[in-house]
Amino acid sequence: SLSGRDASRAFVTGDYSEAGLVDDVSDLSSSEMLTLQHWLSFYEKNYVCVGRVIGRFYGEDGLPTPALTQVEAMITRGLEANKLELQEKQTFPPCNTEWSSARGSRLWCSQKSGGVSRDWIGVPRKLYQPGAKEPRCVCVRTTGPPSDQMPDSPPHRNRGDLDHPNLAEYTGCPPLAITCSFPL
């Protein structure tokens with residue numbers, strides 16, 4: 001039963017066993033904290049608050065504890081990280097990908113690859129990100145100024161984001177091809 005206890009962690013992990021029905025969320029990742037925020041928003045929107053559970057997040061006086069302030073800060077950082085990720089996805093949308101045992105792998109870009117609609121198609125490139133074990137395939141603009149160019153920057157080379165330092169071409173794929181195939 002969840003009545004009269006804080007089971008914040010269970011809403012994120014799905015562990016509704018006695019061991020999982022706890023309020024300690026200090027080791028949750030940013031994305032898990034956003035899941036917790038989603039649940040909190042859902043309950044605030046759809047249910048009337050009738051009280052607070054005294055414990056980790058609310059004291060006997062009903063006021064928030066420092067632990068709640070820490071969780072709120074973690075959620076804020078998660079929201080900021082999510083916002084940055086969405087901005088990066090606009091600059092470097094994921095490639096479309098397919099694999100079959102008969103044909104191997106194919107990567108391609110379109111005006112809606114990765115679920116990101118835009119007015120350009122782009123070319124597949126490997127994007128290396130700090131901390132990531134493997135690069136990911138992204139579509140890269142091939143014309144215009146770089147996405148990070150400031151208005152007062154010197155004239156650009158009309159190569160879009162092709163010169164971004166964290167990008168690499170796929171071996172065996174023509175530099176301006178919108179589709180790359182890698183047969184078995």
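Predicted model: local features only at pLDDT ≥ 70, side-chain atom pairs only at ≥ 80, totals over all residues.
Cys-109 and Cys-139 form a disulfide, with their sulfur atoms 2.2 Å apart. The torsion about the S-S bond of Cys-109 and Cys-139 is -100 degrees, and the link is left-handed. It joins distant parts of the chain, since Cys-109 lies in the loop between S2 and S3 while Cys-139 belongs to strand S4, 30 residues apart. Both ends are enclosed: Cys-109 is buried at a relative accessible area of 4%, and Cys-139 is buried at 0%.

How many disulfides does a search of the whole structure find? The search returns three. As a reminder, a disulfide is a covalent bond between the sulfur atoms of two cysteines.

Another of them is formed by Cys-95 and Cys-137, whose sulfur atoms are 2.0 Å apart. The torsion about this S-S bond is about -75 degrees, so the disulfide of Cys-95 and Cys-137 is left-handed. Cys-95 is found in the loop between helix H3 (66–91) and S1, and Cys-137 in strand S4, so this pair ties together parts that are 42 residues apart in sequence. Cys-95 and Cys-137 are both buried.

There remains the bond of Cys-173 and Cys-180, with 1.7 Å between the sulfur atoms. Its torsion is about -55 degrees, so the disulfide of Cys-173 and Cys-180 is left-handed. Cys-173 is buried, with a relative accessible area of 9%, and Cys-180 is buried at 1%. When the bonded cysteines are counted along the chain, the disulfides follow the pattern 1-3, 2-4, 5-6. Cys-49, by contrast, is exposed, with a relative accessible area of 54%.

Let me place these elements in the chain as a whole. The domain assignment gives domain 1 (7–89) and domain 2 (92–183). The C-alpha centres of domain 1 and domain 2 lie 36 Å apart.

Is strand S3 (residues 123–127) buried or exposed? Five of its five residues are buried, so the strand is largely enclosed by the rest of the structure. The cover extends to both faces of S3: on one side Val-123, Arg-125 and Leu-127 are buried, and on the other Pro-124 and Lys-126 are buried too.

S3 also has strand partners. Strand S4 (residues 136–140) runs antiparallel to S3 and is joined to it by five bridges. Within this pairing, Pro-124 stands opposite Cys-139 in S4; this is the cysteine with which I began, bonded to Cys-109. Strand S5 (residues 167–168) is likewise antiparallel to S3, joined by two bridges. There, Lys-126 stands opposite Ala-168 in S5.

A further sheet deserves attention. Three strands in the order S1-S2-S6, paired antiparallel, make up an open sheet. Strand S1 (96–100) and strand S6 (179–182) are at the edges, each with a single partner strand, so one side of each has no neighbour in the sheet. On average, neighbouring strands of this sheet are turned by 10 degrees against each other, direction ignored. S1 and strand S2 (residues 104–108) pair over five bridges, and the bridge partner of Trp-99 in S2 is Ser-105.

Charged groups and aromatic rings also come together in the model. The charged end of Arg-106 sits over the ring of Trp-108, 3.8 Å from its centre. The charged end of Arg-118 sits over the ring of Trp-120, at 4.6 Å from the ring centre.

Finally, I come to the rings themselves. A search of the whole structure finds nine aromatic pairs. One of them involves Trp-39 and Tyr-43, whose ring centres are 6.0 Å apart with planes at 25 degrees, so the pair is stacked. Both residues lie in helix H2 (residues 30–46), four residues apart, about one turn of the helix. Trp-39 is partly exposed at 29% relative accessibility, and Tyr-43 is partly exposed at 33%. Phe-42 and Tyr-47 form an edge-to-face pair, 6.2 Å from centre to centre and with 65 degrees between the planes. Phe-42 is itself partly exposed, with a relative accessible area of 33%.

Which residues do ring pairs link into a cluster? They are Phe-11, Tyr-16, Trp-39, Phe-42, Tyr-43 and Tyr-47.

Terms used: Residues numbered from 1 in each chain as written. Heavy atoms only, no water. Pairing = 2+ DSSP bridges. Axes fitted to C-alpha atoms, helices over the stretch in contact; angles between N-to-C directions. Phe/Tyr/Trp six-rings, centres within 6.5 Å; stacked < 30°, edge-to-face > 60°. Buried < 20%, exposed > 50% of the residue type's maximum accessible area, 1.4 Å probe, protein only. Lys NZ or Arg CZ within 6 Å of the ring centre and 35° of its normal. Domains from an automatic or database assignment. Disulfide = S-S within 2.5 Å.
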